[in-house]
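I opened this model to look up a few sites and write down what I found.

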Amino acid sequence: MFTRPRFLATAATVIAAAALAGCSSDAVPSGPELTVTDPWVKTAAPEDMMSAAFGTLTNTTDHDVTVVAATSDVSPEIQLHEVVGGQMQEKDGGLTIPAGASLTLEPGGFHLMLMGIPAAIVAGDEATFTLELSDGETVTFTATAKDFDGANESYGSGMDMSASPEPSEG
Ligand SMILES: [Cu+2]
């Protein structure tokens with residue numbers, strides 16, 4: 001048996017990260033900063049109190065876009081939620097979509113949380129949502145309601161809504 005130890009000199013490669021140049025402030029986007037694809041909202045009965053909306057948000061600009069709030073005709077209050085360690089919570093600072101990238105809102109991940117829905121949301125219903133961006137722009141989209149069983153468990157276990165009927169924010 002014959003082995004020859006070999007030592008390979010490896011040239012270190014230095015990669016210099018190019019600083020991102022600030023883009024022209026004159027550019028005014030002609031279309032929406034965000035496009036929303038495949039939006040849907042989970043069907044719910046009023047006694048459920050809560051529902052959630054999902055979809056894919058695509059940033060059409062060359063800068064980060066942050067959704068800071070959302071409103072809808074089917075819910076008096078909407079929170080921006082994320083799921084961390086199996087529990088959902090409000091996403092501090094809103095939902096940021098990097099330049100040119102997409103963020104998918106899906107069961108088990110980011111979602112728009114509908115709080116205190118006043119009326120049933122039944123399959124096939126169309127709900128209008130408006131996203132408020134950090135720069136003051138708004139993006140409106142229509143989501144179709146569809147049944148989704150899986151979301152019940154994760155939302156029920158993630159939030160003790162039933163245990164604290166009174167608002168505890170403050
Ligand atoms: Cu939630």
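**Entry 1: the model.** I note at the start that this is a predicted model. I use residue numbers that count from 1 along the chain as its sequence is written.

**Entry 2: the copper ion.** I asked which protein atoms are the donors of the copper ion. I found His81 through ND1, Met88 through SD, His111 through NE2 and Met113 through SD. These donors lie 2.0 to 2.2 Å from the copper ion. I then looked up the geometry: the angles among the 4 donor atoms run from 102 to 113 degrees, and the site is tetrahedral. Along the sequence I read the spacing of the donor residues as H-x6-M-x22-H-x1-M.

Are they buried or exposed? Methionine 88 has a relative accessible area of 6% and is buried. Methionine 113 is buried as well, with a value of 0%.

**Entry 3: aromatic rings.** I looked up how many aromatic pairs the structure holds, and the number is 3. I wrote down two of them, both with tryptophan 40. For each I took the distance of the centres and the angle of the planes, which is how a pair of aromatic rings is described.

With phenylalanine 54, tryptophan 40 forms a tilted pair, 4.6 Å centre to centre and with 35 degrees between the planes. Tryptophan 40 is in strand β1 (residues 34-42) and phenylalanine 54 in strand β2 (residues 50-59), so the pair ties together parts that are 14 residues apart in sequence. Both of these residues are buried.

With phenylalanine 148, tryptophan 40 forms another tilted pair, at 5.4 Å between centres and 55 degrees between planes. Here distant parts of the chain are linked: phenylalanine 148 sits in the loop between β10 (138-146) and α1 (150-158), 108 residues from tryptophan 40 in strand β1. I checked accessibility again. Tryptophan 40 is at 12% and counts as buried, while phenylalanine 148 is at 30% and counts as partly exposed.

I therefore recorded Trp40, Phe54 and Phe148 as a cluster, because ring pairs link them. I also found lysine 146 over the face of tryptophan 40, at 4.6 Å from the ring centre.

Entry 4: Aspartate 38 is in strand β1 and is exposed, with a relative accessible area of 65%. Methionine 49 is in the loop between β1 and β2 and is partly exposed, at 43%.

**Entry 5: serine 72.** I looked up where serine 72 lies, and found it in strand β3 (residues 65-72). At 14% relative accessibility, serine 72 counts as buried. What does its side chain reach? The side chain of serine 72 comes to 2.9 Å from the backbone oxygen of threonine 128. A polar atom of that side chain also lies 3.1 Å from the backbone nitrogen of valine 74. Leaving out residues up to four places away in sequence, I listed Ile78, Ala127, Thr128 and Phe129 as the residues serine 72 touches.

How values were computed: This is a predicted model: local features need pLDDT of at least 70, side-chain atom pairs count only at pLDDT 80 or more; totals for chains, interfaces and linings use all residues. Side-chain values use heavy atoms; hydrogens and water are left out. Donors are N, O and S atoms within 2.8 Å of the metal (3.2 Å for Na, K and Ca); water is not among the atoms, so sites may look incomplete. Four donors count as tetrahedral if all angles lie between 85 and 135 degrees; four count as square planar and six as octahedral if opposite donors are over 155 degrees apart and all others between 65 and 115; anything else is irregular. Buried means under 20% relative accessible area, exposed over 50%, partly exposed in between (1.4 Å probe, protein chains only). Rings of Phe, Tyr and Trp (its six-membered ring) pair if their centres lie within 6.5 Å; planes under 30 degrees apart count as stacked, over 60 as edge-to-face and the rest as tilted. Helices (H or I, at least four residues) and strands (E, at least two) are DSSP runs, numbered from the N terminus. A charge sits over a ring if NZ of Lys or CZ of Arg is within 6 Å of the ring centre and within 35 degrees of the ring normal. A polar contact is a pair of N or O atoms within 3.5 Å; within protein, one must be able to donate a hydrogen and the other to accept it, and residues adjacent in sequence count only if both atoms are side-chain atoms. Contact means heavy atoms within 4.5 Å.
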